[in-house]
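Subject: Structure handover

Hello,

The structure we discussed is below, with the sequence. My notes on it follow.

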Amino acid sequence: MLKPADNRSLSAFSLIELLVVCVILVALGAGLSAMLIGHAKPGSHQAATPMDRAQSVVCMNNLNQIRDAIAAAEASDPNGAPPATLASLKLPVEMTQCPLDHSPYKYDPVTGQVHCTYPGHEKY
């Protein structure tokens with residue numbers, strides 16, 4: 001063991017102290033990374049995981065494509081009326097339902113409006 005020349009003790013961190021600090025930093029990093037990669041706050045209707053977010057984007061894209069198909073059907077109809085049902089558009093079944101809960105999209109044949117009923121997707 002090294003002894004200082006002026007009889008003062010050496011002050012240094014022990015291995016245990018360094019390991020404790022590392023464990024604390026790793027725990028803080030894990031908590032922050034979980035927040036940063038997308039875990040939603042409880043009670044919010046935002047997508048909770050990256051997979052849920054991806055499925056929300058798929059839902060939004062499906063609705064946009066359905067709206068484009070409705071607009072094309074209205075343009076090709078002699079009276080300019082929207083289609084009677086979404087089934088008359090001959091779209092794949094997966095496209096006519098929300099990918100998160102597989103509930104069918106709400107369609108109003110009078111106005112030609114289509115919406116998702118999943119909480120948080122109403123604005124799509």
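Predicted model: local features only at pLDDT ≥ 70, side-chain atom pairs only at ≥ 80, totals over all residues.

Thr-96 sits in the loop that runs between H2 and strand S1 (106-108). Although a loop residue, Thr-96 counts as buried, because its relative accessibility is 17% and the cut-off for buried is under 20%. A polar atom of its side chain lies 2.9 Å from the backbone oxygen of Val-93. Leaving out residues up to four places away in sequence, Thr-96 touches Ile-66, Leu-91, Pro-104 and Tyr-105.

Tyr-105 is also among the residues that Asn-62 touches; under the same exclusion of residues up to four places away, the others are Glu-94, Met-95 and Gln-97. Asn-62 belongs to helix H2 (residues 50-76). With a relative accessible area of 10%, Asn-62 is buried.

On H2 itself: the buried residues there are Ser-56, Cys-59, Asn-62, Leu-63, Ile-66, Ile-70 and Ala-73. As for the spacing in that list, an α-helix has 3.6 residues a turn, so residues three or four places apart point the same way. The cover over the buried residues of H2 includes S1 and strand S2 (113-115). The length of H2 also checks out: its 27 residues should span 39 Å at 1.5 Å a residue, and the end C-alpha atoms are 39 Å apart, which agrees.

The other helix has a surface feature to look at. Leu-19 lies in helix H1 (residues 15-36) and counts as partly exposed, because its relative accessibility is 46%. Leu-19 is one of the residues that form a nonpolar surface patch of about 800 Å².

For the protein as a whole, the secondary structure comes to 2 helices and 2 strands, in the order α-α-β-β along the sequence. Of the 124 residues, 21% are buried. The protein exposes about 9,200 Å², and 65% of that area is supplied by carbon and sulfur atoms. Among contacts with a separation of 6 or more, 44% are between residues 24 or more positions apart.

Regards

Methods
Residues numbered from 1 in each chain as written. Heavy atoms only, no water. Helix = DSSP H or I, 4+ residues; strand = E, 2+ residues; numbered from the N terminus. Buried < 20%, exposed > 50% of the residue type's maximum accessible area, 1.4 Å probe, protein only. Contact = heavy atoms within 4.5 Å. Areas by Shrake-Rupley, 256 points an atom, 1.4 Å probe, with all protein chains shown as cover. Polar contact = N/O pair within 3.5 Å; in protein donor to acceptor, adjacent residues only side chain to side chain. Patch = residues over 30% accessible without salt bridge, like charges linked within 9 Å, V, L, I, M, F, W, Y side chains within 5 Å. Salt bridge = Lys/Arg side-chain N within 4 Å of Asp/Glu carboxyl O. Expected span 1.5 Å × (residues − 1).
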